[in-house]
Number of protein chains: 2
Amino acid sequence: MLIPLLKSIKLFSRKGRKFYRFINSITGIRPGNTDLYYQAMVHKSAEKRFSKNKSFNNERLEYLGDAILGAVVAQELYLLFPHEDEGFLTKTRSRIVSRSNLNQIALEMGLQQWIQFHPPGDISQTHILGDALEAIIGAIFLDKGYGSSRRFIRDRILTKYLDLKEIVENDTNYKSLLIEWGQKNKCPVQFITEEYKGKEEKNTVFIARAVINNKISGLGKGYSKKEAEQNAANEALENVQSDSLS
Amino acid sequence: MLIPLLKSIKLFSRKGRKFYRFINSITGIRPGNTDLYYQAMVHKSAEKRFSKNKSFNNERLEYLGDAILGAVVAQELYLLFPHEDEGFLTKTRSRIVSRSNLNQIALEMGLQQWIQFHPPGDISQTHILGDALEAIIGAIFLDKGYGSSRRFIRDRILTKYLDLKEIVENDTNYKSLLIEWGQKNKCPVQFITEEYKGKEEKNTVFIARAVINNKISGLGKGYSKKEAEQNAANEALENVQSDSLS
């Protein structure tokens with residue numbers, strides 16, 4: 001069923017060869033199953049449907065890549081910081097795999113040249129980019145296994161695009177930034193924070209909502225009111241920035 | 001620094017040999033670095049502290065194991081259900097790795113015989129068990145790599161303890177169950193559900209809070225009000241059950 005669709009991307013076509021070289025240049029990998037990488041570039045808006053249950057887009061690969069990215073980043077941080085506790089590792093991991101980081105990295109890699117989406121428009125800084133990057137990780141994992149995925153993430157993402165020292169030391173005050181944004185854009189910003197009886201038995205957990213124009217724009221969890229609000233503000237900032245750019 | 005602590009568990013001691021056989025029997029693996037598995041059994045409440053930055057408990061291993069478990073279950077579901085979409089895979093995965101499932105599996109494996117915690121008491125059905133199981137996955141991953149972790153999770157957890165068909169078809173009405181629980185225990189249960197402007201651009205997302213005695217006991221996200229409330233009720237049920245048993 002896939003043959004007609006994929007004909008255009010076959011290796012013997014000019015476009016196919018160009019795509020192969022592109023994937024090779026950004027991943028350092030010689031693709032075995034090129035179709036997987038091609039599929040990673042198809043956003044749901046441009047999907048091809050074969051039947052009720054069979055569609056061709058990157059959502060399943062993104063789901064898989066997201067999980068593999070989480071595991072690899074967890075592993076790298078575990079090894080890099082042998083004396084830090086679980087709280088530090090979890091916080092650092094979530095900063096690394098943030099949507100805005102993934103979108104920015106995908107943009108710098110040049111994925112926008114190959115992503116298929118509809119209707120045409122500027123997708124820079126949108127989640128379509130970050131999702132496609134995760135889908136590529138899923139494709140590498142299926143094509144080459146965990147070790148290759150790890151090398152790609154470590155050498156071609158973490159080392160190349162991220163300043164780990166800055167991420168670790170980053171103490172940006174997201175709450176102030178969001179309030180400033182609200183004042184500039186004449187949108188009332190409000191934080192609602194409550195105690196949360198979570199799964200952790202000993203520690204009190206807080207849940208904060210950053211509410212903009214009566215809609216929750218960010219949700220954050222934390223062991224202090226401040227931490228929860230920072231996390232909520234961070235998510236809300238990603239949302240408003242993504243909205244204003246799309 | 002670890003030598004005095006670990007002396008008692010060394011292979012040449014009777015306890016050490018018994019522990020080795022136990023790990024071998026539940027995992028099918030011949031441990032290389034036994035200390036890792038031993039560490040996986042030390043709950044934070046019984047940790048040994050060597051200095052400000054160096055403590056010996058299972059939290060870091062649990063953090064790592066949680067990520068590896070997520071990746072392996074994502075992979076297995078991806079392969080098992082080639083025609084299901086990302087939403088189905090995500091939902092099924094979160095049902096599989098639920099705290100109550102992990103606690104129950106750890107109990108059936110007999111981890112409680114080896115977990116160190118303080119003060120002594122009945123830990124059956126508490127998160128201490130599930131956390132230790134995740135820490136064992138972390139230990140296997142560091143000791144033997146991704147492939148061995150995958151085999152352990154697939155053959156000794158998913159296949160052995162879980163009825164995947166039941167999990168997939170499970171349409172338990174958690175909201176009704178929680179309301180019943182509230183009536184039985186004379187605790188007012190309330191649901192507060194709001195629209196959420198999440199990262200997904202196209203779909204409206206809902207956030208529900210299950211509030212018991214004015215504290216949030218469960219938080220749920222969903223593409224419909226109903227789905228969000230079901231997820232919140234499910235988490236709240238896990239919490240109240242865990243509380244009443246601990």
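Biologist: Before any detail, how are helices defined and numbered here?
Modeller: Helices are DSSP runs of H or I with at least four residues. The coordinates are those of a predicted model. Helices are numbered from the N terminus.

Biologist: Which residue just after helix 7 of chain B takes a positive phi?
Modeller: Helix 7 of chain B covers residues 127-144. Just after this helix, a positive phi of about 95 degrees is found at B:G145.

Biologist: How far does helix 7 of chain B reach from its first C-alpha to its last?
Modeller: The helix has 18 residues, and at 1.5 Å a residue a span of 26 Å is expected. The value in the model is close to that, at 25 Å.

Biologist: Is helix 7 of chain B largely enclosed or largely open?
Modeller: A residue counts as buried under 20% relative accessible area. By that cut-off 16 of the 18 residues of helix 7 in chain B are buried, so the rest of the structure leaves this helix largely enclosed.

Biologist: Which residues have the most contacts inside the largest nonpolar core?
Modeller: That core has 108 residues. In chain B, Leu111 touches residues beyond its neighbours within four places in sequence, including B:F22, B:M41, B:L129, B:L133 and B:I136. The residues with the most contacts inside the core are A:L111 and B:L111.

Biologist: Which backbone oxygen lies 3.4 Å from a polar atom of the side chain of A:N103?
Modeller: A:N103 sits in helix 6 of chain A, residues 99-109. Its relative accessible area is 5%, so A:N103 is buried. The oxygen at 3.4 Å from its side chain is the backbone oxygen of A:T126.

Biologist: Why do the copies meet through the same surface?
Modeller: The interface residues of chain A can be looked up in chain B. Those that are also interface residues there amount to 98%.

Biologist: What share of the residues of chain A counts as buried?
Modeller: Chain A has eleven helices and five strands. Of its 246 residues, the buried share is 50%.

Key: Residues numbered from 1 in each chain as written. Chains lettered and ligands numbered in written order. Predicted model: local features only at pLDDT ≥ 70, side-chain atom pairs only at ≥ 80, totals over all residues. Heavy atoms only, no water. Contact = heavy atoms within 4.5 Å. Helix = DSSP H or I, 4+ residues; strand = E, 2+ residues; numbered from the N terminus. Expected span 1.5 Å × (residues − 1). Buried < 20%, exposed > 50% of the residue type's maximum accessible area, 1.4 Å probe, protein only. Core = buried A, V, L, I, M, F, W, Y, C linked by side-chain atoms within 4.5 Å. Polar contact = N/O pair within 3.5 Å; in protein donor to acceptor, adjacent residues only side chain to side chain.
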